[in-house]
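Let's walk through this one together, a question at a time. Keep the view open while you read.

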Amino acid sequence: MDKELSSIHYDQYLQLQKILKAQHLRSEEFKKPAHDEMLFIIVHQVYELWFKEILHDLNSVMDLFSEGTVEEAQIGVAISRLDRIVKIQKILVDQIDIIETMTPLDFLDFRNYLLPASGFQSFQFRQLEVSLGLKRESRVSYTQCAYSGVFSDEEQEILNKLEAEDSMLQLVEKWLERTPFLQFERFDFLQEYQNSVMKMLKREEEAIKNADYISEHEKNLRIRMLGETNTYFSSIFNKDKHEEKLKEGRLKLSYRATISALLINLYRDEPLLRQPFMFLQKLIDMDELLTTWRNRHAQMVLRTLGQKIGTGGSSGYDYLKTTADRHRIFYDLHNVSTLLIPRSFLPELPEELKRKLDFNFSKQSNK
């Protein structure tokens with residue numbers, strides 16, 4: 001019989017004996033069995049299995065974007081796989097509800113047996129962070145040593161190699177920089193957009209001045225706030241300011257990539273830009289859920305341990321909360337929302353450009 005068609009047992013295919021025999025309770029080894037240690041082990045083993053699937057899907061998307069030109073069909077594949085990652089991340093967040101069925105006293109029954117084991121030693125999670133685009137210099141340190149120091153020489157070499165290669169963030173940046181519609185014959189997107197922003201801000205200022213339901217003091221406050229908004233918009237019109245923020249680490253995406261992301265967001269309803277928009281949204285979803293998971297993890301640690309030091313030597317809750325605030329990868333894509341303007345102010349696209357952004361066999365193309 002052909003080996004490909006030969007039968008295999010469910011238990012053998014899933015290697016269940018290896019998996020189900022991989023829960024070794026340290027508390028039992030010391031003759032002080034703690035009931036909830038089983039839950040603790042299984043939840044973390046499941047985390048690692050999900051991390052493996054996330055890396056499997058993420059690496060496949062990165063491979064698609066490493067080839068230079070990304071075909072339309074590949075964007076669809078990328079969206080599908082990132083969507084799966086997003087759904088897995090939601091499960092990762094929900095798993096914290098399960099582990100919180102273990103009370104602080106239940107955890108203290110076996111916590112001392114864990115030292116110095118810690119989630120900081122999750123090699124797959126560090127691979128995920130680096131692959132997404134978290135740089136070594138941007139990390140919040142919890143010891144005097146490098147974050148990779150807890151791993152074997154072989155694992156450190158893998159992390160070093162990942163850091164030297166393009167991350168998902170860098171691959172997306174290069175993809176955005178190749179957007180061809182920023183300058184189209186007589187249509188200069190950035191100039192047209194700037195004109196629309198000025199019209200919008202002027203209308204808002206006039207509406208504030210003419211409002212008869214607020215005091216002069218309130219009007220002045222609102223106009224001052226509008227001026228601050230104007231200052232933020234002006235930074236997108238000044239490449240030098242953008243480059244300065246990049247050097248300071250306040251931004252991550254290049255100027256051209258940022259403008260491209262803005263164009264995709266503003267003209268998301270154009271057929272050819274719909275999938276790129278959905279792709280960028282999935283990256284934001286991933287970033288948001290990773291931040292949500294970090295925050296939930298921090299709150300769980302606070303609830304279970306209070307201000308105790310973590311088993312890995314960190315400050316525990318304070319460290320975890322700080323990483324949630326500072327370890328965001330696609331922050332620049334979130335910030336594009338600040339630059340959006342109402343559809344009524346969108347610059348009108350030239351008819352030829354609209355045709356290029358349409359599908360080949362749409363009704364408009366057949367006219």
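Q: At what angle do helix 9 and helix 13 pack?
A: This is a predicted model, where local features need pLDDT of at least 70, side-chain atom pairs count only at pLDDT 80 or more, and totals for chains, interfaces and linings use all residues. Residues are numbered from 1 along each chain as its sequence is written, and side-chain values use heavy atoms, with hydrogens and water left out. Helices are DSSP runs (H or I, at least four residues), numbered from the N terminus. With axes as lines fitted to C-alpha atoms over the stretch in contact, and angles from 0 to 180 degrees between N-to-C directions, helix 9 (residues 168-177) and helix 13 (residues 255-266) have axes 8 Å apart and pack at about 70 degrees.

Q: Is helix 9 roughly parallel or roughly perpendicular to helix 13?
A: Angles of 65 to 115 degrees count as roughly perpendicular. The pair packs at about 70 degrees, so helix 9 and helix 13 are roughly perpendicular.

Q: Which residues of helix 13 make the contact with helix 9?
A: Contact means heavy atoms within 4.5 Å. Helix 9 brings Glu173, Leu176 and Glu177. From helix 13 come Arg256, Ala257, Ser260, Ala261 and Ile264.

Q: Which side chain meets Asp57 in a salt bridge?
A: A salt bridge here is a side-chain nitrogen of Lys or Arg within 4 Å of a carboxyl oxygen of Asp or Glu. Asp57 sits in helix 4 (residues 37-65) and its partner in helix 5 (residues 72-99), so parts 27 residues apart in sequence are tied together. At 2.9 Å, N to O, the partner is Arg84.

Q: Which peptide bond is cis, with omega near -5 degrees?
A: Look in the loop between helix 6 (104-108) and helix 7 (123-132), where Pro116 is placed. The cis bond runs from Leu115 to Pro116.

Terms used:
Helix = DSSP H or I, 4+ residues; strand = E, 2+ residues; numbered from the N terminus. Parallel < 35°, antiparallel > 145°, perpendicular 65-115°, else oblique.
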